[in-house]
Amino acid sequence: MVGDELDEATRDRMEQHLEMLSKEMARMLQELQHKRSPELGSRISNLATYIAIRNKWSPGELWDRSEWVHVVVENLLFACQQSNLLSVGFCPGLGPAIGVGSAFDCWSSQEDEPIYRMLVCLKSPHGHTFCLEPGTVADKSRIRVELECTCTAQLMVRPMLCFLHNSKEQLRKEQKPSLLHTLCTASYLDVHKTARWFQDLVRENKAIVRLLRSRYCLLTVLPSRRSCKVEIKHISGITMLIEMSLAVQLGDSDIFMSSQGREDIFIPSTTWTLNCAYAEAKFLWLMFYQTPDDTLLSCLQVCTRMLVGTGFSSYTLKTVLMHLLTTTPLSGWRRTDFLLRLGDIMRYLCCCLEEKRLNHFFFGNEKIPEEIVLPPALERAEPVNLFQHLAQDPAAHEQAMCEFEELQHWLTVQLFF
């Protein structure tokens, strides 16, 4: 069983590390139990306040909860990584967990519990390397696993035979199989196999289970083919749903290939999807710091709120907003201009719908701030039209225009009635 092979010294180090962080978990839980959403007192005088009150969790509460989730996941990954290091097999290393999505950006519009989505970075084990097709970045791709010579390697966790320069018979007798024989299909990293491996690592790790129980929490691993979904319930009634997608970083960039994908459609098990969530979050936080006040956050809250029940995704409005932030003066994103900026967003979306074209923010965009690190292939790429389906399907385009009119009507009602 994973996690049961720890020697006494390592177990002590793990317990000390986990106990140190558990105090922070306990403090955060106590704060969360005493949080209360604001109540409606006097008549609402502006749309931003209306949206904030309609949301179940305020930005401050979302921040506190996301911080608690981050501490829990870091504890979990530390315990899993310790088990990995002592394992006699060849497993991917677990890098840092990166919180992505609206729950971590503090502009979630969900009235119920938000889903905390995280990317868990995978690092190739000794003697292996992860490779994409040279010079290409696509929305979907495969990750090829190649073996490396370790004959002259000096920094090794433990002695190992070189997979390339030792006989198959010797490797079979004296060493565990390579990643190619455990988590791959036809030399490509398999999403389903890797997700199951990580799920087992989480489910069977005794240290994290004991820690959570000591804080009156119960962890349950939920079924998923492409990620690791866990539910954490506290005795107070607080429930956290966390989805950890596995990801491989593209060089030193802010872009990843991720296991994340819809469960209701068929995706080959060796297919990984391009994930720009970290780059998007990094860009938005950069903008938060450079704009005069919290108007940008209010716009994000309003946009995601008004999309509930429509055919438009929050990603569409976020893309529109990111394009506007690189084409309009940041000094104009202030409270006195809140309605003007909201109008800009609606006009930009309307133009994109009429032209049946909304470019992906990161493909071939020369206006990306230098703080955002992109793979060279993505910088050189041709723009990708997110509204291509509208250009190909007149019925879908007509439906989108009707839904846009409904959005305008909703906004008008909230502003003037």
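Predicted model: local features only at pLDDT ≥ 70, side-chain atom pairs only at ≥ 80, totals over all residues.
Two residues are in contact when heavy atoms of theirs lie within 4.5 Å. By it, Glu-371 touches Asp-254, Lys-282 and Leu-286, leaving aside residues up to four places away in sequence. Glu-371 itself is located in the loop that runs between helix 11 (338-355) and helix 12 (376-380). Its relative accessibility is 35%, and Glu-371 therefore counts as partly exposed. Along the chain 92 residues separate Glu-371 from Ala-279, yet their C-alpha atoms are 9.7 Å apart.

The protein chain contains 14 helices and 12 strands. It has 417 residues, of which 49% count as buried. Among its contacts with a separation of 6 or more, 68% join residues 24 or more positions apart.

The mean pLDDT is 79, and 75% of the residues reach 70 or more. Over residues 1-6, the pLDDT is below 50, and this stretch has 16 contacts in the model beyond near neighbours in sequence. Residues 35-45 also have a pLDDT below 50, with 10 contacts in the model beyond near neighbours in sequence.

Helix 8 spans residues 277-290, a run of 14 residues. From its first C-alpha to its last, helix 8 reaches 20 Å, close to the 20 Å expected at 1.5 Å a residue. Its buried residues are Ala-277, Ala-279, Glu-280, Ala-281, Phe-283, Leu-284, Leu-286, Met-287 and Phe-288. Leu-286, buried in this helix, is also one of the residues that Glu-371 touches.

The arrangement of helix 8 and its partner can be described next. Two packed helices are characterised by the angle and the distance between their axes. The axes of helix 8 and helix 9 (residues 295-306) come within 8 Å and cross at roughly 135°. Helix 8 is therefore oblique to helix 9. The contact involves Leu-284, Met-287 and Phe-288 on the side of helix 8, and Leu-296, Leu-297 and Leu-300 on the side of helix 9. The three contributors from helix 8, Leu-284, Met-287 and Phe-288, are among its buried residues.

A further site lies in helix 14 (residues 394-416), which contains His-397. Because its relative accessibility is 15%, under the 20% cut-off, His-397 counts as buried. Not counting residues up to four places away in sequence, His-397 touches Leu-353, Glu-354, Lys-356 and Leu-390.

How values were computed. Residues numbered from 1 in each chain as written. Heavy atoms only, no water. Helix = DSSP H or I, 4+ residues; strand = E, 2+ residues; numbered from the N terminus. Buried < 20%, exposed > 50% of the residue type's maximum accessible area, 1.4 Å probe, protein only. pLDDT = per-residue confidence, 0-100. Expected span 1.5 Å × (residues − 1). Axes fitted to C-alpha atoms, helices over the stretch in contact; angles between N-to-C directions. Parallel < 35°, antiparallel > 145°, perpendicular 65-115°, else oblique.
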